[in-house]
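Morning, everyone. Let's take one structure and walk through it together. Please look at the screen.

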Amino acid sequence: MQEALGLSGKTALVTGGSRGIGLAIAGMLAENGADVIITARDQDRLKKAASGIGATGIAADIRSHDQVKDVVRETAGRTGRIDILVNNAGIFPGIKKLHEIGEDEWNDVLDVNLTGQFRFTREAVPHMEGGGVILNISSDAGLKAYQGFNADAYSASKAALIALTRCWALEYAADKIRVNCICPGVVETDMTRPFLRTQKNREFVEADHPIGRIGTPKDVARAALYLVSDDSSWTTGAVLAVDGGESTK
C-alpha cells in the first residue's frame with residue numbers, strides 16, 4: 001500500500017531551492033516521489049544541488065517577470081500542470097535601524113521576498129486547474145517583533161506574505177487550491193551562519209528558543225511535506241510556526 005504522504009505523479013516547483021531550507025524541502029519532496037524542479041540565480045550551485053537530490057534545476061532571477069514566466073512555463077510543460085509551488089526564495093538585509101536603510105535596499109528586499117512570491121504564484125495558478133498546493137515560507141519575524149532584530153524590510157515582507165497566504169487561501173479555495181504558510185525560527189543555513197560564528201552567539205540564540213536548540217532545514221522540510229501532501233487536504237490558510245517555540249514568548 002502506498003504511503004499517504006507519497007507524492008508520486010506530482011510536479012513540484014521550489015524557488016530558492018539550491019541551498020538551505022529550499023534545498024531540504026526539494027529533497028524531501030523528491031524522496032517522496034515528486035518530480036521536483038528547483039530554481040535559483042546561481043547556475044553552478046543550482047546544477048550541483050539538483051544533481052544531489054535528483055531534481056531539475058532552472059536558473060532564473062526572481063526579480064525578472066520574464067524569467068519567472070519562463071521557469072513556470074517550462075515546469076508546467078513537463079506534465080501539463082503544476083501540482084505544488086513552494087515560495088521559498090528570499091534574501092536577508094544587513095541589521096540596521098530604519099533611518100539607516102537606503103531606499104534601494106528596502107525595495108530590493110521587498111522585490112525578492114514579497115513581489116517575487118507574487119510573480120511565481122500569479123504565473124503558477126493557471127497551471128493548477130483542478131487543484132494544487134501553494135506553500136509560502138515566511139518567518140517568525142513576520143509574526144511578531146523581536147527586540148534588537150533590526151531588519152525592518154525583512155520583517156515587513158514576511159508579515160505581508162502571511163497576509164497573502166490567507167488572502168490566496170480564500171481566493172482559490174473554490175478552485176481546490178490550498179495555500180498555507182510556514183514561519184521558521186532561526187534555522188542553521190548560509191543565511192544565518194554569520195550570526196552564529198561564536199559559541200557565545202550560538203548559545204544566546206539557542207537559549208532564545210524554548211526547545212533549546214536552533215532549527216535545521218529538515219525540521220522545516222518535514223512540516224512542508226505534510227502541508228503539500230494529501231494528509232493536509234482539509235487545511236488551507238494555515239500559518240504554522242516551526243520555531244522551537246520562539247514566537248510564543
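**The sheet and its salt bridges**

What we have here is a predicted model. Start with the sheet. It is open and has 7 strands, in the order S3-S2-S1-S4-S5-S6-S7. The pairing is parallel.

Now look at the edges. Strand S3, residues 56–59, stands at one of them, and strand S7, residues 239–242, at the other. Each has a single partner strand, so one side of each is left without a neighbour in the sheet. How are neighbouring strands turned against each other? On average by 20°, direction ignored.

Let's zoom in on one pair. Strand S1 covers residues 11–15, and strand S4 covers residues 84–87. The two pair in the parallel sense, over 3 bridges. Which residue in S4 is the bridge partner of Ala-12? That is Ile-84.

Next, the helices on the sheet. Helix H4 runs over residues 103–124 and packs on the sheet. H4 touches S1, S4, strand S2 (35–40) and strand S5 (132–137). The direction of H4 makes about 170° with that of S4. Helix H5, residues 152–172, also packs on the sheet. H5 touches S4, S5, strand S6 (177–184) and S7. Its direction makes about 160° with that of S6.

Now the salt bridges. How many does a search of the whole structure find? The search gives 12. Let me show you some.

Take Arg-63. Its side chain meets that of Asp-61 in a salt bridge, at 3.4 Å, N to O. The side chains of Arg-63 and Asp-108 also meet in a salt bridge, at 2.9 Å, N to O. Where do Arg-63 and Asp-108 lie? Arg-63 is in the loop between S3 and helix H3 (65–79), while Asp-108 is in helix H4. So this pair ties together parts that are 45 residues apart in sequence.

What about accessibility? Arg-63 has 24% relative accessibility, so it counts as partly exposed. Asp-108 has 29%, so partly exposed again.

Over to another pair. The side chains of Arg-202 and Glu-188 meet in a salt bridge at 2.9 Å, N to O. Arg-202 lies in helix H6, residues 199–208, and Glu-188 in the loop between S6 and H6. The pair therefore ties together parts that are 14 residues apart in sequence. Glu-188 is partly exposed, with a relative accessible area of 26%.

How values were computed. Residues numbered from 1 in each chain as written. Predicted model: local features only at pLDDT ≥ 70, side-chain atom pairs only at ≥ 80, totals over all residues. Heavy atoms only, no water. Pairing = 2+ DSSP bridges. Helix = DSSP H or I, 4+ residues; strand = E, 2+ residues; numbered from the N terminus. Axes fitted to C-alpha atoms, helices over the stretch in contact; angles between N-to-C directions. Contact = heavy atoms within 4.5 Å. Salt bridge = Lys/Arg side-chain N within 4 Å of Asp/Glu carboxyl O. Buried < 20%, exposed > 50% of the residue type's maximum accessible area, 1.4 Å probe, protein only.
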